[in-house]
Amino acid sequence: MKNNPIVSREEWLEARKSLLRREKELTRLRDLLSAERRTLPWVRIDKPYVFEGPQGRRTLADLFDGASQLMTYHFMFSPSWPQGCASCSFLADHIDGALVHLKQRDVKLMAVSRAPYSQLAQFKRRMGWQFDWVSSHGTDFNYDFQASHTPQDISNNTAYYNYELLEYPAEETHGISVFYKDAAGDVFHTYSSYARGCEMFANTYNFLDIAPKGRDEGGFEFPMAWVRHHDRYDTDPVESSVTHNILDEETA
C-alpha cells in the first residue's frame, strides 16, 4: 500500500469536510430509500410452511414468538453439506448482539436453512451462536424465496435469484426475507433482499470501509475468499488457502 499525499492539518480538514458533505448526502438518501422500502405492497402467505427446530415442528406464524415482525436470514446449508457456508457464518457472527435490541422494537430475527435441524444444531453449537435457527427441510420455503434452487433449474440455467436469472446457478444462495403478522394472525411477506443487499448486516465490512486499506480484497479470486469460519482462521490461513475456500463455498 502506497501512502496517500501528506498534507497539513488545515488541508486535511478541508478535504475531510468536503467528503463529509458527500457522506451526509448518502445518509439522507438512505433514509429516503428506507422510507420508500416501507411503502412496498405486501403479499399474503397462504402456503402452510412448517419448520423443524428446538421446539419441534412450527408454522411460519409460530416463528414470530410474540413479535409482529419476523426477519429470516436464508443461511446457505444444503442437506448434503458437512458444515454451513463460511460467508453466511461471517454474517451470522453479527446477529447475536442485535437480538436483545431488536426485541425491544418488536422484531424477531432468526436463520432458516434447508439442512435437517440435527445438522443445524450441531453446527450452531460448534460456532457458539444463540440466535434461533430452524430447518425448512422438506418444504418449499427456500425455493419460494429464492434461497435454494432445484437440480433442474441449475441444469437448465433457469434458477431465479435477486429477481433475475442467476448468472452462476448454484444449489444454495443467501438472502433475508421479512414478514409481518397482523392482529388476526395473518402473515404477509413484506420484503426480501439478496446478494450485496445483505452486506449491511455484516458490520465487519462497515468497519473495514473506514480503514486505510479498506476491504483489501482486490488480490483474491472473489471478494470474500479470505473469510473463514471464526474457529478456522488459525488452522486455515488465508494466504495459502484461497482455492480451498472457494471449494468450501461450493461444497460446504
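**Cores and rings**

I looked up the largest nonpolar core first: it has 27 residues, and those with the most contacts inside it are Phe75, Phe77, Phe123, Trp129, Phe131 and Trp133. I took a core as a set of buried Ala, Val, Leu, Ile, Met, Phe, Trp, Tyr and Cys residues joined through side-chain atoms within 4.5 Å, where buried is under 20% relative accessible area, exposed over 50% and partly exposed in between (1.4 Å probe, protein chains only). Helix H2 (86-92), strand E5 (107-113) and helix H4 (117-127) each supply at least two residues of this core, and H2 gives the most, with four. Another core, of 18 residues, lies apart from it and includes Leu70, Met110, Phe145 and Leu166.

The model is predicted; local features need pLDDT of at least 70 and side-chain atom pairs pLDDT 80 or more, while totals for chains, interfaces and linings use all residues. Numbering runs from 1 along each chain as its sequence is written, and side-chain values use heavy atoms, without hydrogens and water.

Next I checked the rings and noted 23 aromatic pairs (ring centres of Phe, Tyr and Trp, the last by its six-membered ring, within 6.5 Å; planes under 30 degrees apart are stacked, over 60 edge-to-face, the rest tilted). Tyr73 and Phe75 have ring centres 6.2 Å apart and planes at 80 degrees, so the pair is edge-to-face. I found Tyr73 buried at 2% relative accessibility and Phe75 buried at 1%. Phe141 and Phe145 have centres 4.9 Å apart and planes at 45 degrees, so this pair is tilted; both residues are buried.
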